[in-house]
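Student: I have the sequence and the coordinates open. Can we go through them in short questions and answers?

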Amino acid sequence: MGGDVPEGYLGRWEARVDGAGTRRLTLTQGWVGERVLTLVADGADHHCVFAASLAGKPDAGGPLRLTGTTVTSGAPLSSCAPGNPSTLSLSPDGRLKRTGPAGAEVVTYSRVSS
């Protein structure tokens, strides 16, 4: 299956966010405008599932620009809110960094599986 997502980004990634729990991010192959990201956020009092699409064609090595996230499910749903557009980039150490608008939190993920 073809797509615009560089191979090095594909797979499952995980991060622990102080005070907010665990984030599990899955990147799948797809074209610009298609859903390529699923994000599961689990905390002490919430479980939220988000999705985002590829916003533009990346260079061969990235970075990836994603649309804002939409909420696909949540418990309680009131604890889940859509997110801003973000950018994913691979670090030299092999981790994945997700950054949002200026001043927003940067979350660093480690690969779980490809």
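Tutor: A polar contact is a pair of N or O atoms within 3.5 Å; within protein, one must be able to donate a hydrogen and the other to accept it. Keep in mind that this is a predicted model.

Student: The backbone nitrogen of which residue lies 3.2 Å from a polar atom of the side chain of Gln-29?
Tutor: Gln-29 sits in the loop between strand S2 (21–27) and S3. Its side chain has a polar atom 2.7 Å from the backbone nitrogen of Val-5. At 3.2 Å, the backbone nitrogen belongs to Asp-4.

Student: Is Gln-29 buried or exposed?
Tutor: The cut-off for buried is under 20% relative accessible area. Gln-29 has 17%, so Gln-29 is buried.

Student: What order do the elements of the protein chain follow from the N terminus on?
Tutor: The chain has 0 helices and 9 strands. From the N terminus, the order is β-β-β-β-β-β-β-β-β.

Student: What radius of gyration does the protein chain have, against that of a compact globule?
Tutor: The C-alpha atoms fill a box of roughly 40 × 30 × 30 Å along the principal axes. A compact globule with 114 residues would have a radius of gyration near 13 Å. The chain agrees with that, at 13 Å.

Student: What share of the contacts with a separation of 6 or more comes from residues 24 or more positions apart?
Tutor: Contact here means heavy atoms within 4.5 Å. Among contacts with a separation of 6 or more, the share from residues 24 or more positions apart is 39%.

Student: How many residues that line the largest pocket are charged?
Tutor: The largest pocket holds about 380 Å³ of space. Its lining has 20 residues, and the closest to the centre include Arg-23, Arg-98 and Glu-105. S3 (35–43), S4 (46–53), S8 and S9 (107–113) each give two or more residues to that lining. By class, the lining divides into 10 nonpolar, 7 polar and, for charged, 3.

Student: Is Arg-98 buried or exposed?
Tutor: Arg-98 is placed in strand S8 (residues 96–99). Buried means under 20% relative accessible area. Arg-98 has 16% relative accessibility, so Arg-98 counts as buried.

Student: With which side chain does the side chain of Arg-98 make a polar contact?
Tutor: Not counting residues up to four places away in sequence, Arg-98 touches several residues, among them Leu-39, Ser-86, Glu-105 and Val-107. The side chain of Arg-98 makes a polar contact, at 3.1 Å, with the side chain of Ser-86.

Student: Which residue does a cis peptide bond join to Pro-63?
Tutor: Pro-63 lies in the loop between S4 and strand S5 (64–66). The cis bond has omega at about 0° and joins Pro-63 to Gly-62.

Student: How far apart in space are Pro-63 and Asn-84, C-alpha to C-alpha?
Tutor: Pro-63 is partly exposed, with a relative accessible area of 41%. Its contacts, not counting residues up to four places away in sequence, are Tyr-9, Pro-58, Thr-87, Leu-88 and Ser-89. Pro-63 and Asn-84 are 21 residues apart in sequence, and the C-alpha distance is 16 Å.

Student: What is omega for the peptide bond from Ala-75 to Pro-76?
Tutor: Pro-76 lies in the loop between strand S6 (70–75) and strand S7 (86–90). The bond from Ala-75 to Pro-76 is cis, with omega near -10°.

Methods. Residues numbered from 1 in each chain as written. Predicted model: local features only at pLDDT ≥ 70, side-chain atom pairs only at ≥ 80, totals over all residues. Heavy atoms only, no water. Helix = DSSP H or I, 4+ residues; strand = E, 2+ residues; numbered from the N terminus. Buried < 20%, exposed > 50% of the residue type's maximum accessible area, 1.4 Å probe, protein only. 1 Å grid on protein atoms, 1.4 Å probe; cavity = no way out; pocket = protein on both sides within 12 Å on 5 of 7 lines; lining within 4 Å. Points joined across faces, edges and corners; volume = space filled by probe spheres on them. Nonpolar A, V, L, I, M, F, W, Y, C, P; charged D, E, K, R; others polar. Rg over C-alpha atoms; globule rule 2.2 N^0.38 Å.
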